[in-house]
Each structure stands twice: as C-alpha cells, then as structure tokens.
Amino acid sequence: MGRVLIAAALLFPATYIAIALIRMSYPFQLEWLEGLALDHVYRVAHGQPLYVQPTLSFVPFNYAPLYFYLAALPFHLFGEGFGALRLVSFLASLGIMGLLFGLVRGATGDSRAGLLSACLFAATYRLGGAWFDVGRADSLQLLLLLGAVATLQFDRAPMRSSIAGGVLLGLSFLAKQSALVAAGPILLYYLIADRRRFFALAGTFAAVVVGTTLGFDALTGGWYSYFVFGAAGRLRPEPGMIPWFWIRDVAGPLGVALWIGLSHFALGPTGSARSRLGPEAAAVAGLLLCSWWLRMYPGGYDNVLMTGYAAIALGFGLGWHAIVKRCEQAPPPLRHALLFLLQAAVLVQFVALVYDPRAQIPTSADRVAGEGLVQMLERAPAEVLIPCHGYLARRAGKGPSFHEGAFMDVVKAGRGETGARLLDELRGALRARRYQVLVLDTRDWILDEARPYYVPMRDGFLGRGVFWPVTGMKTRPESLWAPKDST
C-alpha cells in the first residue's frame, strides 16, 4: 500500500508540471486579469512608471510591485508575452513544494512525510483555481511566506534568522499585501515567546514595508499608497462568507488531510521537536487566516485558497509523521492494520482531488480564435477600445488602454475625486466617439455607458466554445460596437 500511495501522490506534481510547461507559451490570457499583469510588466520593462494618475491609457492595479519587477527581468528574452510572467510563477510554485518538503523533513527527519506534504499541495492545483503558474503574484507571495517560516525555524542564529525572516515577510508583502494578515500570528507568537526575536523580526518587517512605501510614494507623488493601500483597502468583506471557507473550501475537499494535520498538534511532538510546535502552529494559523480573510471579500476567486492549502499540506505532513510514530508503538498485528488504514485514508484523500488536466489547457482552437481576433484588430481603423484585453490591442499595433478590472477598482471602490474624474473622462471619450471600434466582453460594465453612443455591429464573432479563459471569471470578447454616427 505504501508504494501505491507514493506513486499516486507523485502523479499530481508530475501532472502539474506537464500542464504548466504546455501553458507557458500560450500567447493569450489564462485568466481575466493576467493581461493586466502583463501590461504592468510591459511598462516596467520599457522604463515606464507603474503608479501614476489613472487615465484611459493606463490604470494601475491595486497590487504591490515586486512580481512585476521580477517578471520584467526575463521579459525581453521570452518576447513581449506571458512567458516571463508564467516562468516566475512556475518556478515559485516548484519552490513552494520544495519548501514544504524541507519544512516537514527538517521538523521530522521523515522524507516520506515531506514528500506527501509537497504532493498534497500539488494535488490542490485545480482546487486552488489552477493558479500556480498563472501570471499573477500568488505563487511568489506564498514562496516568500514559506521562506520566512523556514528561515525562522531552521536558522540557528536567532538574530540573523529574525532579520532574514523579517526581510522575507516584507518581500512577501511587496508581492501581495495580504501577507500582512499571514504575518500576524507569526509576529504574535514571537511577541509572547521571545521578545528579543520579536523586535528584530517585527522591526525588519516594518522597515521593509514602511521604507518601501515612503520611497515609492516619494517617486510617484503618493499614487503608490493610493493604489496599494487606498484602492485595495476600500473593499469590504462579507460576514456571511465566514463559515463557508471552513465548510466548503477546507473540510469538504480536504477533510482527511485536515484531520491528520490536527493530530500533529493534538498528539504533540516529543523531545526537542516540542519547541517547534508553537512556531509551526503560528505559521499554519497565519497561512489559513490569510486565505480565510481574502475568501470573505466579494470576487475572491479560488486562488486565494493557495496559502490555506499550503498550511493544510504542511500540517498534514507533520501529522502523518506523528500518527506513523504512534502506530509503530503498537504490537505488530495492530501496527500493520493501523498503518494500512492510515495509508488507505490518505490514498482516498488524493483520489478525491483528481481533476481532468485537459480542462486546464487552452486548445488549438482557442489559439486560432485569438490570432484571428488580433488580425481583426490590426485591420480596424484608428483607435480601438478592448477594455478587458488591452494587451490584444497592443499586439495589434493599437494604442494602450486601461483594463476594466483596474478601472472598476478606482471608479466603484474609490468613489472619490479620482474615480469621478476617471469616469467622466471615459464618458467624454464615448460621447465624442473617440473609439472607432469597441470590443466588449460577455460581462462588460462599459456596455451601459457605451449604449447611448455606439451600436452593435456583430455578436459572438469568435464562434462557440472558444477563447474562454481556463480559470477565473468566465468572460471573453463577445461583441463589436461602432459609433452611431458612422452607421
């Protein structure tokens, strides 16, 4: 049974790697906002600022900048497409699995437990939105968070590890601001258990966050804080979502792994390993809290579960080792039966996470439809607005335009002077028929603004069943609109 379990577990990282390598060269979005991330990397690679006053040409994303800067390093080597972004995410995801293996093996001395932990995380690929390799910051943030946990756990120099851990926590914030939530329980543990390390850890973490904020604000005239703290912070959680994370996202699909992970903290390690129980609990709590918090926000997709699933995978590996050790203390007949039941339960857990890998891979028909859309945009006269896929307009040689996702963050979430001014700018452009062609999506808020001044030319021009994103919000270019006075 043990060999069958290991073989089954290894299928998940192998399947993921194959999917990621196939998807890396796909020239179009895998999910709705990936093109917005590409717009940001394009600007960094061409020496343009990220955090600026929003206009119809560009509206910044309400994310911190580290991922965009890292992806810009190999950008020109891969061509001006998604390859560099996905490479960063792919390498980060492999690093996450390596860190989970290392954290569990380092804590237990059990390579099998470490392997199962890494494989369980790989098995949550589809459950977490098939997001590990998408050109977004999630995998990078999680890598840095786990890197901080590993540094604090295994570097034996207290001050050095605290400072290095603080730097890594700060960098994880610069990848995605929700690292502030994940860091909370970790900082609280050291505040209670070791004040000296707490001040080094928290001081370094704060220095990175505050220092970079002051620096970027000085460079951008305050627009950095407007987007990274202001626009992002105006979103409000929905209290009704509080229980669903634990029921639908955790206990439902990962009940066996969760039970095994809890057993580690219930049984408690012995000897020198007992000193790690507090930091381990803090790390698991921080990662779970990060997912739980983000899941309560409207529009929080499955990718926000990645940190929580890493926490469960970490606890699962530790719990596996704890249960195995208890089983080995039983008399031989009972020991074999208990180990068999444990392995069978874990095998059932892995089987429950099986998904169809083909559904995660864009088809050749998707690629053909995308290329046809780019060629159509190349033939379009003058200015074109394709608000959910501005990267396509750039590929077609048209001028830059905002992404509707970032636009809505400013206009709807902002509700201040900046949002009102931006909305007025759009309404003025539509009233003046500035764009000769609008390419609007299946779900497109701009349709209501455009309808008084534009008329539909063609619906469903891509054909049925093609060019849908394989993850995230299901939306695609759906209709062409022309100015009313030109028809």
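Guide: Two residues are in contact when they have heavy atoms within 4.5 Å. With that settled, welcome to this predicted model.

Visitor: Glad to be here! Which residues of helix 6 meet helix 7?

Guide: On the helix 6 side they are L140, Q141, L144, L145, G147, A148, T151 and L152. Their partners in helix 7 are S161, S162, A164, G165, L168, L169, L171, S172 and A175. By class, this contact has 10 nonpolar and 7 polar residues, with no charged ones.

Visitor: And why is helix 6 called roughly antiparallel to helix 7?

Guide: The axes of helix 6 (residues 138–154) and helix 7 (residues 158–175) cross at roughly 170° and come within 8 Å. Angles over 145 degrees count as roughly antiparallel, so helix 6 is roughly antiparallel to helix 7.

Visitor: Let's move to T418. What makes T418 buried?

Guide: T418 has a relative accessible area of 16%. Buried means under 20%, so T418 is buried. T418 sits in helix 18 (residues 417–431). Setting aside neighbours within four places in sequence, T418 is in contact with P54, W223, Y226 and V410.

Visitor: How many cavities of 30 Å³ or more does the structure hold?

Guide: There are 8 of them, and the largest cavity has about 90 Å³ of space. It is lined by 13 residues, of which Q29, H389, F467, P469 and T475 are the closest to its centre.

Visitor: What classes do the residues of that lining divide into?

Guide: The lining of the largest cavity has 8 nonpolar, 3 polar and 2 charged residues.

Conventions. Residues numbered from 1 in each chain as written. Predicted model: local features only at pLDDT ≥ 70, side-chain atom pairs only at ≥ 80, totals over all residues. Heavy atoms only, no water. Axes fitted to C-alpha atoms, helices over the stretch in contact; angles between N-to-C directions. Helix = DSSP H or I, 4+ residues; strand = E, 2+ residues; numbered from the N terminus. Parallel < 35°, antiparallel > 145°, perpendicular 65-115°, else oblique. Nonpolar A, V, L, I, M, F, W, Y, C, P; charged D, E, K, R; others polar. 1 Å grid on protein atoms, 1.4 Å probe; cavity = no way out; pocket = protein on both sides within 12 Å on 5 of 7 lines; lining within 4 Å. Points joined across faces, edges and corners; volume = space filled by probe spheres on them. Buried < 20%, exposed > 50% of the residue type's maximum accessible area, 1.4 Å probe, protein only.
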